[in-house]
Amino acid sequence: MGADHTRPAPSAPPGVRRILVATVLPLFVVTVIAALVLWPRDSRPADGGAEPARHHGTVTRVVTEPCPPTPEAPGAAEGPCGTVTVKVEQGPDSGQQVETPMPAGPGAPTVAVGDEVVLVQLADPADPTATSYQIAEHQRGKPMVWLVALFAAAIVAFGRLRGLAALAGLAASFAILLAFVVPGIAAGGSPLLIAITGSALIMFVVLYLTHGITAQTSVAVLGTLGSLVLTGLLGSLATAATHLTGFGSEEATTLSMYQHDVDLHGLLLAGIIIGSLGVLDDVTVTQAATVTELAHANPGLSRTQLYRAATRVGRAHIASTVNTIVLAYAGASLPLLLLLTADSRPVSQILTSEFLAQEIVRSAVATLGLVAAVPLTTALAALVATAGRGPADDPARDAGPAPRPRPSADRDAALEALSASRPGGPSTPAPARWPDPERSTDTAW
């Protein structure tokens, strides 16, 4: 999330702090009230009655055999074929050895002796008392626990107390998403309102928890909140102009079959807003920290100079972050991109189809909100950093004190003295004048 600085930021004047509190505190109160109003109270529990029982087991034996011919493909049958013996570790058959068919078909797991797998217990439709087992997938609990532990240890080892705060903020983000955003949308609430409220709540908790309650953090909060609202407005306009329905993915279509009252168009907007939040707070925190560090390193910089210098940093940051956004969406939609190679339609029809236009709109809207975050946050940070200095836009202040002209004779005498040969040393001819007093000493790019 943004830049980190071990040295605390200089405190803002009391008047500026009061203005920030008077601005941020009402926004936080409004966010909390909106969350309480939109909080899901009649969430429908998932119906797990039709789901088959799942138990853990360990593969003890694998026997492969040729696949028998089928009427659809007499000469070649799909494989692999054979039986797998699994020791059941849960359920009514715990401790027993059961025999299951070899997993086959697209996406079927490849098993070997010693693999820890998940078994699905199926009942025979003809005889409900008779059950059989199928291997569904591998157990992934232990590897994921070790990976998460390594992830947390690396963050704490590098960030120390700030790393602990970042982990706490990450846990708070997941808690808000799982306790408020997802159940609220599943209960039939407005996905757009819930996404904006949940994103604002995540922003307040994570930024202040990770970076502390400072004027610099408050500036980042205001910049992030303004950019989020702009992203929501742009997303609404873009999806309406392109007539996106939200049915651009298989997951959305499947969801509409199970929950008919879910607004998929609003769900698309909610995904754009929540996906933009992670990049927005990175940019806003970095810009606020850049202005603060520049003002601390050179207190003589005016408000305009701070804004221009920090904006140059923001341009470099945006140039790399835009690529990050596009690659993140491309990586998540890689099967979709591969599917395009098998599509025989013209490229223009493919690009304007629902499933691909949805990803283009998502990337474009997130990028526009990100670009708007830089000038907004930088301007706010420059105002806060220069508060209490007086008129910061004075031309004399921007230009600095005028240099006093040096007499030409004194400069000529100094150059002649420097170019004179040392007593007792070899005489080396030297020019009496500097070759080009106005020439820049910077190396050409």
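**Entry 1: Arg160**

I started with Arg160, which sits in the loop between H2 and helix H3 (161–186). This is a predicted model, so I kept that in mind while reading the backbone angles. The phi of Arg160 comes out near 55°, a positive value in a residue that is not glycine. Next I asked: is Arg160 buried or exposed? Arg160 is exposed, at a relative accessible area of 63%, and the cut-off for that word is over 50%.

**Entry 2: His243**

Then I looked up His243, in the loop between helix H5 (215–241) and helix H6 (250–258). His243 is not a glycine, yet its phi is positive, about 55°. I checked its surface too, and His243 is exposed, with a relative accessible area of 64%.

**Entry 3: confidence**

How far does the predictor trust this chain? The average pLDDT is 79, and 79% of the residues score at least 70. Where is confidence lowest, and where is it highest? Helix H12 (residues 395–399) is lowest, with a mean of 43, while helix H2 (residues 141–159) is highest, at 93.

I also noted two stretches with a pLDDT below 50. Residues 1–6 are one of them, and in the model this stretch has 16 contacts beyond near neighbours in sequence. Residues 392–400 also fall below 50; there I noted 15 contacts beyond near neighbours in sequence.

Key
Residues are numbered from 1 along each chain as its sequence is written. This is a predicted model: local features need pLDDT of at least 70, side-chain atom pairs count only at pLDDT 80 or more; totals for chains, interfaces and linings use all residues. Side-chain values use heavy atoms; hydrogens and water are left out. pLDDT is the predictor's confidence in each residue, from 0 to 100. Helices (H or I, at least four residues) and strands (E, at least two) are DSSP runs, numbered from the N terminus. Contact means heavy atoms within 4.5 Å. Buried means under 20% relative accessible area, exposed over 50%, partly exposed in between (1.4 Å probe, protein chains only).
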